[in-house]
Amino acid sequence: MDAYKIKKVSESDVLVVLNDKGNEVERLFLKLDCNAQLDSINEVGGVKIEQVFPDSYVALNEKEQGVIEALAYSLKQKEQFNATPQKLSETAYAYYFYNDKAKCGDSTKVGDFFWRVLFQKEILVNAIN
């Protein structure tokens, strides 16, 4: 019967799992072939990873636009930035990280970029023990 109990999950619990899952994706991503990683991660329901080219990226909402502008400013200043977990909406969370060595996908795009891992809240809540 314990499996059917409703758990109360706090926002901080979700953010801890977001950070853990984002770190895990980032570590895997940096070790393996970029295109293979994209394919395998994007096959997981509720998780999507993509390159963000700030000059041409369409943000999910106003909050994400602000995050992208801040990270783009860091890139233009040639500053490294730490991985950045963010709550974007009631159902979507994102983890942003920088890795200039792993460029894949659309090789015709040029310029500075970083990575965004988008998680649906359901995935994060289900990962809480």
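Modeller: Start with one rule: two strands pair if DSSP finds at least two bridges between them. Keep in mind that this is a predicted model.

Colleague: What makes S3 and S4 a pair?

Modeller: Six bridges join S3, residues 92–97, to S4, residues 114–120. The rule asks for at least two.

Colleague: Which order do the strands of the open sheet take?

Modeller: The order is S1-S4-S3-S2, four strands with antiparallel pairing. Neighbouring strands are turned by 20 degrees against each other on average, direction ignored.

Colleague: Why do S1 and S2 stand at the edges?

Modeller: S1 (47–52) and S2 (84–87) each have a single partner strand, so one side of each is left without a neighbour in the sheet.

Colleague: Which helix lies across S1, S2, S3 and S4?

Modeller: Helix H3, residues 62–76, does, and it runs at about 155 degrees to S4.

Colleague: What makes a set of residues a nonpolar core?

Modeller: Its members are buried nonpolar residues joined through side-chain atoms within 4.5 Å. The largest such core has 17 residues. Ile-49, Phe-97, Val-117, Phe-119 and Leu-124 have the most contacts inside it. H1, S1, S3 and S4 each give two or more residues. H1 gives the most, with five. A second, separate core of 14 residues includes Val-52, Ile-68, Ala-94 and Phe-114.

Colleague: What is Phe-119 in contact with, beyond four places in sequence?

Modeller: Its contacts include Leu-18, Val-25, Val-47, Ala-92, Tyr-95 and Leu-124.

Conventions
Residues are numbered from 1 along each chain as its sequence is written. This is a predicted model: local features need pLDDT of at least 70, side-chain atom pairs count only at pLDDT 80 or more; totals for chains, interfaces and linings use all residues. Side-chain values use heavy atoms; hydrogens and water are left out. Axes are lines fitted to C-alpha atoms, for helices over the stretch in contact, and angles run from 0 to 180 degrees between N-to-C directions. Contact means heavy atoms within 4.5 Å. Buried means under 20% relative accessible area, exposed over 50%, partly exposed in between (1.4 Å probe, protein chains only).
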